Amino acid sequence: MSSAMNDTTPFGNDTTPSGLNEWLHFLKNKRFPVRAVNLARLKTQIKRTEDTLDGIQANIASDPLLAFAILNEANRIVPNKNNEIKTPFHAAAIVGMKGLEKLLPQFIPYEISKKKSAHLIAFLSELQTSYEAAAIARHWTIKKLSSHEDDIFWVTLFRDAARWLLWFYAYPTMTTLNQKIKQGEQASQAEISTLGCRIDELTVHLCHAWNTPNKIIDSFLTKHVPNHKELQSLAHLAHHPDELPGFTEDKRLNILTNNPLIFSYCANKVAHQANLMGWNAKNLPFFYRVVSTAIHRHLGEIIQSAHLASAEAATLYNTGGRAPLAQQLLDPNLYSESKMDQTTKVAISPITTLKKALEKATDTDTKQKASLALKTIKQAIPNAQHSIIFKHSNSNATTTPLFQSGYQSETIRNIQWNAPSEVFKKLSTTKSATHLFGSKLDKLRAELPHTSGQIIETNSHLMLASTPTADNEMSLFWLESRTEFNEQDYKNLKHIVSLISHTPV
């Protein structure tokens with residue numbers, strides 16, 4: 001962000017630009033509004049020699065535009081081509097105390113009093129929405145069992161930076177825009193008719209001018225997030241709310257669902273629409289279904305996670321601009337942790353559900369059993385980041401993948417599963433179960449099917465199991481995690497395997 005400031009007036013100076021270039025010129029050198037108390041505290045901490053960067057982390061995190069400016073400055077100093085600079089704390093370490101001091105002229109302080117200006121209320125409300133979106137994205141990323149939850153929190157928060165400045169410096173124009181959307185106009189059409197450009201398009205250009213890290217810019221690009229047609233395809237796979245979503249065989253969609261930026265995009269849409277239209281906004285289920293497909297969890301679990309995240313945001317990131325979204329939730333069971341615990345105690349476990357399903361349908365074949373088993377694994381063994389269930393036919397000695405979760409389908413198809421393997425030979429002939437990791441897994445790598453080692457990392461845990469599921473047929477289980485499996489995970493797998501085991505007549 002340039003240090004040359006052409007406007008220091010925070011409110012009411014709306015010159016109503018029109019079109020991308022005019023809005024870009026209007027906003028790119030505007031000073032970032034920072035709460036006065038946070039800015040004063042930062043100035044004091046910079047002057048005190050006894051303060052360290054570690055000591056000012058809380059202050060940096062307490063103000064989003066303060067953190068955003070520091071992240072941009074670090075990326076300007078060290079161009080972040082590979083997205084190594086992921087958090088404002090890391091960025092502050094790169095910028096250093098002297099660098100932080102040089103940033104001070106880029107900020108304009110604002111006070112929060114009992115009688116707040118309409119411009120300031122709108123600005124703080126927008127910050128609240130962004131924090132809610134970031135919390136939702138973080139919760140969804142955790143459910144995906146990836147290690148990107150903190151990165152996605154900051155990406156989701158900062159992708160609204162241009163919108164914050166629009167509310168701060170162009171309040172009347174943004175009010176007109178919101179009124180059009182509330183009256184039923186599509187957001188994209190309302191933005192073009194009011195601003196002369198899309199806010200997402202303006203944000204990308206501003207981020208380039210501000211030296212914002214690529215990861216945040218990527219969250220707007222259809223190279224990294226689904227376009228409308230692709231979103232529809234993903235949502236369709238979770239069309240039935242009582243069933244787990246289906247799998248996509250499309251390579252492009254597989255890549256998109258394994259990119260955590262999809263959670264940033266969907267959470268942003270959910271938070272903004274819920275803020276504008278309430279939790280019953282008609283488009284929310286569409287984005288819930290997209291996320292349901294990406295995580296391969298039930299739709300209700302995705303909605304519940306969004307509600308819990310909004311409650312978390314209300315507790316941790318209440319900006320004072322408006323009532324948090326969590327207050328709109330009428331049923332405390334949706335976001336109260338204590339009530340959730342009580343509900344969980346009486347809920348039927350996934351393994352019990354599997355047992356009842358198998359008791360009802362006594363004529364299930366190997367493929368049907370495998371489908372039910374994978375559904376149960378997703379629920380009962382959340383540490384299983386990747387799962388494959390195979391069918392082994394004794395008559396022709398072939399092993400075929402039936403279902404998989406977490407891997408790219410093309411990769412699984414290209415592995416030579418029928419190549420000679422001592423491990424698979426034992427699995428296909430004897431009912432068994434084992435948990436491999438560390439040196440034990442390293443020793444057995446050579447005895448796994450040829451080329452299957454490419455889907456195992458050095459820190460992987462691998463659980464293998466097998467059981468007869470029909471006359472002359474075995475089901476083989478491959479569960480892999482880049483974190484670890486615990487004893488309960490191993491017990492649950494053995495229980496699931498035993499339930500689908502075939503009993504000869």
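In which loop is Asn 472 found? Asn 472 lies in the loop between β6 and β7; the legends below begin with the whole chain and return to this residue.

The model is predicted: local features need pLDDT of at least 70 and side-chain atom pairs count only at pLDDT 80 or more, whereas totals for chains, interfaces and linings use all residues. Residues are numbered from 1 along each chain as its sequence is written, and side-chain values use heavy atoms, with hydrogens and water left out.

**View 1. Overview of the protein.** The protein has 24 helices and seven strands (DSSP runs numbered from the N terminus; helices are H or I of at least four residues, strands are E of at least two). Of its 505 residues, 52% count as buried (buried is under 20% relative accessible area, exposed over 50%, partly exposed in between, with a 1.4 Å probe and protein chains only). Among contacts with a separation of 6 or more, 70% are between residues 24 or more positions apart (a contact means heavy atoms within 4.5 Å).

**View 2. The five-stranded sheet.** Five strands form an open sheet in the order β4-β3-β7-β6-β5, with antiparallel pairing (two strands pair if DSSP finds at least two bridges between them). β4 (398–405) and β5 (432–437) are the edge strands, each pairing on one side only. From one strand to the next the twist averages 20° (axes are lines fitted to C-alpha atoms, for helices over the stretch in contact, and angles run from 0 to 180 degrees between N-to-C directions).

**View 3. Two helices on the sheet.** Helix α20 (residues 366–380) packs on the sheet and touches β3 (386–393), β4, β6 and β7. The direction of α20 makes about 40° with that of β4. Helix α22 (residues 422–429) also packs on the sheet, touching β3, β4, β5, β6 and β7; its direction makes about 130° with that of β7.

**View 4. Strands β6 and β7 and their loop.** β6 (residues 461–470) and β7 (residues 473–481) run antiparallel and are joined by nine bridges. His 461 stands opposite Ser 481 in β7. In the loop between these strands, Asn 472 has a positive phi of about 65° although it is not a glycine. Asn 472 is exposed, with a relative accessible area of 52%.

**View 5. Asn 211 in the loop between α11 and α12.** Asn 211 sits in the loop between α11 and α12 (214–218). Asn 211 is not a glycine, yet has a positive phi of about 65°. At 27% relative accessibility, Asn 211 counts as partly exposed.

**View 6. Helix α7.** Eight of the 10 residues of helix α7 (residues 149–158) are buried. Among them are Phe 153, Trp 154 and Phe 158.

**View 7. The largest pocket.** The volume of the largest pocket is about 1400 Å³ (on a 1 Å grid over the protein atoms alone, a pocket is an open set of points where a 1.4 Å probe fits, with protein on both sides within 12 Å along at least five of seven lines; lining residues have an atom within 4 Å of a point). Of its 44 lining residues, Ile 181, Ala 187, Ser 188, Lys 269 and Gln 273 are the closest to the centre. α15 gives the largest share of the lining, eight residues.

Terms used: Grid points are joined across faces, edges and corners, and a volume is the space filled by probe spheres set on the points.
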